[in-house]
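Take a look at the charged side chains in this structure. The paragraphs below follow the salt bridges among them.

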Amino acid sequence: QHKEFEFDTFQTKKDVLNYMKRRFQYKGGVSLKTGIALDFLLKNFFTPLAESRKDKGIPQIAIIVTNAPSEDNVTNYSAALRDDNVIAISIGTKDSDLTELQTIAYRGDAPFVHRINNIAEITNLAPNIIETIKHIHKMPKVTEIEPPSEVTLITEVPLTTEAPKWRGR
């Protein structure tokens, strides 16, 4: 587990994007403990100590990218994020578990759940995620909507050979 930066590290959106372009890399790993990662997010980022600004009405958004089913349970940790009003957007590659992505997401459907064939396609998904974030304040809270009986609306992203622009150095 690694905290790349805190919310108060940068002053502008441009500063954040420049940092992400230079530093953010898909690192992979031998073990996938998504539940523990969600708990890490909640305890280390979405807190007053980390300058989350949720007390000022700033939406708390987490984008979770996973490539396989988690080796631990995500249900309780996902619920804890929702209970703390954190809006999770889940993105999974073709080997990820769709039910798990839906469990992690703020709501179990688009625009909060996305499936891509491989990590390189994440750049094609960026415009959809940006639009979701821009309009997040207009969306009903998860407690204001009925849970779907069946979820079939998942974003499909066209295959591309273009490498992700966020790989950094």
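A residue is buried when its relative accessible area is under 20%, exposed when that area is over 50%, and partly exposed in between. Aspartate 84 has a relative accessible area of 24%, so aspartate 84 is partly exposed. The model is predicted.

Aspartate 84 has a partner. Lysine 54 forms a salt bridge with aspartate 84, and their closest N and O atoms are 2.7 Å apart. This pair links distant parts of the chain. Lysine 54 sits in the loop between α2 and β1, while aspartate 84 lies in the loop between α3 and β2 (86-92). The two are 30 residues apart. Lysine 54 is partly exposed too, with a relative accessible area of 30%.

How many salt bridges are there in the model? The count comes to four.

Another one joins the side chains of glutamate 71 and lysine 33, at 3.8 Å from N to O. Here again distant parts of the chain are linked, 38 residues apart. Glutamate 71 is in the loop between β1 (60-66) and α3 (75-83). Lysine 33 is in the loop between α1 (13-23) and α2 (34-44). Glutamate 71 has 51% relative accessibility and therefore counts as exposed. Lysine 33, at 36%, is partly exposed.

Next comes a pair within a helix. Glutamate 131 forms a salt bridge with lysine 134, with the closest N and O atoms 3.4 Å apart. Both belong to helix α5 (residues 122-134). They are three residues apart there, so about one helical turn separates them. Glutamate 131 counts as partly exposed, at 38% relative accessibility.

Conventions: Residues numbered from 1 in each chain as written. Predicted model: local features only at pLDDT ≥ 70, side-chain atom pairs only at ≥ 80, totals over all residues. Heavy atoms only, no water. Helix = DSSP H or I, 4+ residues; strand = E, 2+ residues; numbered from the N terminus. Buried < 20%, exposed > 50% of the residue type's maximum accessible area, 1.4 Å probe, protein only.
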